[in-house]
Each structure stands twice: as C-alpha cells, then as structure tokens.
Amino acid sequence: MTEAAPKNTARPSAEIRAAISDLVAEYAYLIDANRLEEWLNLFAQDCDYKVVTRENVEQNLPNVMIWCDNWEMLRDRVDSYRYVNEYNLHWDRHVVGPLRFGDQVGDLWHIEASYLLAQTTLEGASSLFSAGIYEFGIRVTDNRAQFVSVRVIADTGLVPTLLATPI
Amino acid sequence: MTEAAPKNTARPSAEIRAAISDLVAEYAYLIDANRLEEWLNLFAQDCDYKVVTRENVEQNLPNVMIWCDNWEMLRDRVDSYRYVNEYNLHWDRHVVGPLRFGDQVGDLWHIEASYLLAQTTLEGASSLFSAGIYEFGIRVTDNRAQFVSVRVIADTGLVPTLLATPI
Amino acid sequence: MTEAAPKNTARPSAEIRAAISDLVAEYAYLIDANRLEEWLNLFAQDCDYKVVTRENVEQNLPNVMIWCDNWEMLRDRVDSYRYVNEYNLHWDRHVVGPLRFGDQVGDLWHIEASYLLAQTTLEGASSLFSAGIYEFGIRVTDNRAQFVSVRVIADTGLVPTLLATPI
C-alpha cells in the first residue's frame with residue numbers, strides 16, 4: 001500500500017466484513033488441516049508473505065524469518081515442506097481474535113488480527129507455540145477476498161521449529 | 001448430513017451468521033460459567049454430541065472419548081457430572097476462533113471453529129488444557145439456531161481429566 | 001445498569017454488532033501495541049474499569065485487583081505505569097472470543113467475551129498469562145461505540161505481575 005494513494009475511511013459493509021472474516025477463518029483452517037496446497041489458493045499471484053519478529057519490527061531491523069515475495073515462492077516453500085526437508089511432525093491449531101478493520105485503499109483492505117498458535121506433538125502434548133499478530137492486505141472484488149500481503153509478527157522468534165509450517 | 005441431500009453453496013445471510021455466532025458464543029459461555037443445564041437447552045432432541053481425538057479421526061479409527069447420541073444421554077452426562085461422579089474441580093475458559101461456514105443442507109449448516117481451552121485449578125494455576133476444532137451441525141429456523149450435532153476433535157487425548165466437563 | 005430500567009430483548013442490528021466488535025478488537029489491539037493513551041480514548045468520562053478474580057465474584061467478596069471508577073483515575077493508572085512505577089517489561093497478546101450480546105438498556109449494551117492473554121518476556125518466552133472473561137457495558141450512539149464499564153474477571157489472581165498493564 002503506497003502512502004500516496006487516497007484512503008477511504010468508510011466502514012466496511014456487512015458483505016465485505018463477511019468475505020474477509022471467511023478468508024481469515026479459511027487461512028487458519030487450512031494450515032491446521034495441513035491442506036497447504038489449498039491454503040496457497042487464498043493468495044494472489046503478486047502476494048507477499050512474511051514472518052517477522054516483534055523485536056525486529058519495533059527496532060526497525062530488516063531481518064525476516066520467512067519471506068516469499070510472490071506466489072511461486074510461496075508454493076516452493078510448501079513444496080519444500082512437503083517433499084524436500086524434514087521437520088518435526090506436529091499438529092497446529094490457530095485461534096484468531098476479532099478483526100481490526102484498518103485503512104481501505106481502492107479494493108485493498110488493511111486488517112489486523114491477533115493469534116495464538118498451539119502445537120501438539122505426535123506424542124500428544126499440546127502447548128502454546130506462538131503468539132502474535134497478523135497484518136493482512138486483503139483484496140475484495142465482487143465480494144471475493146484474496147490475500148495480497150500477509151505479515152506475521154510473532155511476539156518471539158525463539159522457537160526452534162518455527163520454519164516448518166506457515167504461521 | 002447425508003451426502004445425497006442437495007447442497008446449497010449460497011453464502012449465509014447476515015441474520016444467519018449472527019444467529020450462529022451467538023449460539024457458538026453461548027455454547028462456550030455456558031460451559032465456562034458451569035451452567036451446564038442451560039447449555040443442554042442449546043441442543044435439539046435428536047442431537048449427537050461426540051468428543052474424539054484428531055489421531056483417531058485421521059486414522060479413521062472408531063474410538064470416542066464421549067458420545068451421546070440424543071438429548072437424554074447428554075442430560076444424563078451432565079447429571080452424572082453433577083450428582084454421581086467426583087471430578088477434579090476446575091474452571092474452564094474457552095476461546096473460540098472465527099467461524100468457517102461450510103455446506104448448507106436445507107436449514108442445517110455445517111460450521112467449523114477452532115478452540116483453545118484453558119483450565120484453572122482451585123489453587124489458581126491456569127494452563128492450556130485442550131486445543132482442537134469443533135464441527136457443528138446447526139439448524140437455523142426463523143433465525144433461531146440449535147445444535148443438531150457437535151463433534152469436538154481434540155488435538156490430543158492425553159489429558160487425564162478430559163471426561164469431566166464437556167469441551 | 002439498574003435492574004429497574006426497562007430491558008429490550010431485541011437483537012442487535014448488523015451495524016451495532018459491527019460497531020461493538022470493532023471496539024473490542026481495538027481494546028485488545030491498543031493494549032497489545034502498548035498504545036495505552038489511545039486505549040484510554042475508548043472509554044467514556046463516567047467509565048468504570050475493574051479487574052477482579054473469579055473466586056471473589058463467585059463468593060461475592062468485595063476485593064478488587066484494579067479499580068478505576070472514572071476516566072481520570074484510569075488515565076492516572078496509565079500515567080503511573082508509564083512514568084512512576086517500574087514493572088517487568090513484557091509484550092502482551094490478547095485473543096478475544098466471540099461476543100455474547102446480552103441485555104440492552106437504552107443505548108447501553110451488555111456484552112461478554114472470553115479472553116486468553118499470552119505474555120512474552122524480553123528474553124523471548126511466550127506463555128499463557130491470564131484467562132478470563134470481559135463484562136463490557138458499551139454505549140452505542142450513532143454507531144459510535146464507547147466503553148462505559150469494563151469488568152475483567154480473571155480466572156485466577158495468582159499472577160505476580162498482574163498489575164502492570166491493563167488486561
């Protein structure tokens with residue numbers, strides 16, 4: 001989103017709220033269901049997906065934990081997870097909080113939402129794995145919503161297995 | 001839901017969304033408030049309530065942790081909790097994520113929602129007790145919503161006190 | 001809310017639901033972003049903000065952990081946090097569950113919502129800090145929403161650092 005673009009402070013319609021809420025629910029659902037190939041379909045071709053830490057954001061440091069600046073890179077990441085690298089097996093469970101509707105620029109909405117992510121090991125231990133906030137850029141056209149940008153700001157980066165599945 | 005029934009892929013109206021969201025909020029609220037007798041009233045007479053583990057679902061195994069296949073059984077379960085068995089006393093706190101609106105068959109909606117359940121002991125220690133997902137079958141008639149089926153898929157079954165209060 | 005006032009059991013309109021949901025999202029967001037001065041602006045002048053424990057509520061005991069019975073007191077509390085007292089530094093992350101719309105008295109809505117609050121230390125450890133429920137009194141006029149009362153009922157009070165940031 002460029003700062004120069006005109007901002008519309010109109011509140012989102014019920015239809016737009018519903019479309020965006022459904023997209024966010026689907027995002028979390030598909031990761032948790034390990035249906036990452038379908039999760040990819042929620043993103044636009046020109047998407048940007050990034051995982052950063054709060055510390056780096058607040059200190060304006062450039063480091064990122066994951067960064068895919070288009071859809072093909074994001075697909076490669078999923079392929080890598082599926083076929084190339086070995087990670088610790090686990091089950092994810094996201095719970096996302098209420099949506100914060102921010103600026104609208106054209107058909108692009110800026111949305112924030114907190115999340116808690118629990119992971120369960122194959123041995124059956126559930127624990128809090130990551131807490132943080134999503135910054136979503138979501139394009140809504142004809143009430144179809146799609147992710148243009150996702151920035152995950154994790155409250156901590158001190159998680160050895162962070163790079164396995166997306167957050 | 002029988003697979004043969006015609007599916008309607010129309011999106012839910014704002015009224016139906018609100019009715020379903022309110023029902024789910026009430027479900028969690030009444031368990032957490034230990035008002036289980038009122039919680040029972042959210043269910044249809046022909047309801048089915050089941051708690052299973054993710055492992056069993058993914059491996060298509062038949063084991064269940066709790067299964068009540070009609071309202072009277074569900075009431076018996078609450079009665080048993082209240083009057084018969086002794087469980088560890090605790091306080092529940094559910095936080096449910098955004099609703100995922102699935103298929104509609106007639107007036108029956110298929111909804112999924114992730115949950116995190118924290119428990120607090122009488123000594124005052126709060127911890128994550130269960131993470132998982134709800135699969136709800138919710139009947140909405142005249143904007144009144146009722147549970148026809150609830151399947152709780154817990155990410156792990158390794159919880160000694162799981163069978164006390166409903167999830 | 002006085003018991004004698006006439007209660008309206010009408011369900012909230014989509015506009016009122018949206019206004020209230022946005023206010024609650026903003027509440028959590030601004031605390032987590034450490035923008036407490038802006039958080040203050042969500043409250044009415046005649047507001048009442050209170051943190052109590054579930055044990056005290058259930059036993060009808062008068063003890064409170066934090067109580068500010070007007071806006072100036074609440075501002076003092078934030079000032080104290082900012083400039084006077086030293087607390088352990090940490091990052092908050094709230095996830096709030098679905099809203100439970102209760103009684104409406106005039107333009108005042110009674111809302112409940114469960115929360116989980118994770119904290120992350122500067123060393124990078126995230127953990128569940130508090131679980132509980134909000135009881136909000138929210139005034140909605142011309143679709144602008146404002147907190148008139150907030151009662152945070154924490155499931156446990158056994159948290160040494162509870163009094164630093166608001167919950």
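This report looks at chain A and at its interface with chain B in a predicted model.

## Ground rules

Local features need pLDDT of at least 70 and side-chain atom pairs count only at pLDDT 80 or more, while totals for chains, interfaces and linings use all residues. Residues are numbered from 1 along each chain as its sequence is written, chains are lettered from A in the order in which they are written, and side-chain values use heavy atoms, with hydrogens and water left out.

## Chain A on its own

Let's start with the fold: chain A has four helices and seven strands, in the order α-α-β-α-β-α-β-β-β-β-β along the sequence. Helices here are DSSP runs of H or I with at least four residues, and strands are runs of E with at least two, numbered from the N terminus.

Of the 167 residues in chain A, 55% are buried (under 20% relative accessible area, 1.4 Å probe, protein chains only).

## Where the chains meet

Contact (heavy atoms within 4.5 Å) links 23 residues of chain B with 22 residues of chain A. The buried area is about 1900 Å², with 57% from carbon and sulfur atoms; this is the accessible area (1.4 Å probe) that two parts lose on being put together, summed over both. On the chain B side, Arg54(B), Pro98(B) and Arg100(B) lose the most area to chain A, together 31% of what that side buries.

## Charges across the interface

The interface of chain B and chain A holds four salt bridges, each a side-chain nitrogen of Lys or Arg within 4 Å of a carboxyl oxygen of Asp or Glu. Arg11(B) forms a salt bridge with Asp22(A), with the closest N and O atoms 3.0 Å apart.

Methods: Buried means under 20% relative accessible area, exposed over 50%, partly exposed in between (1.4 Å probe, protein chains only).
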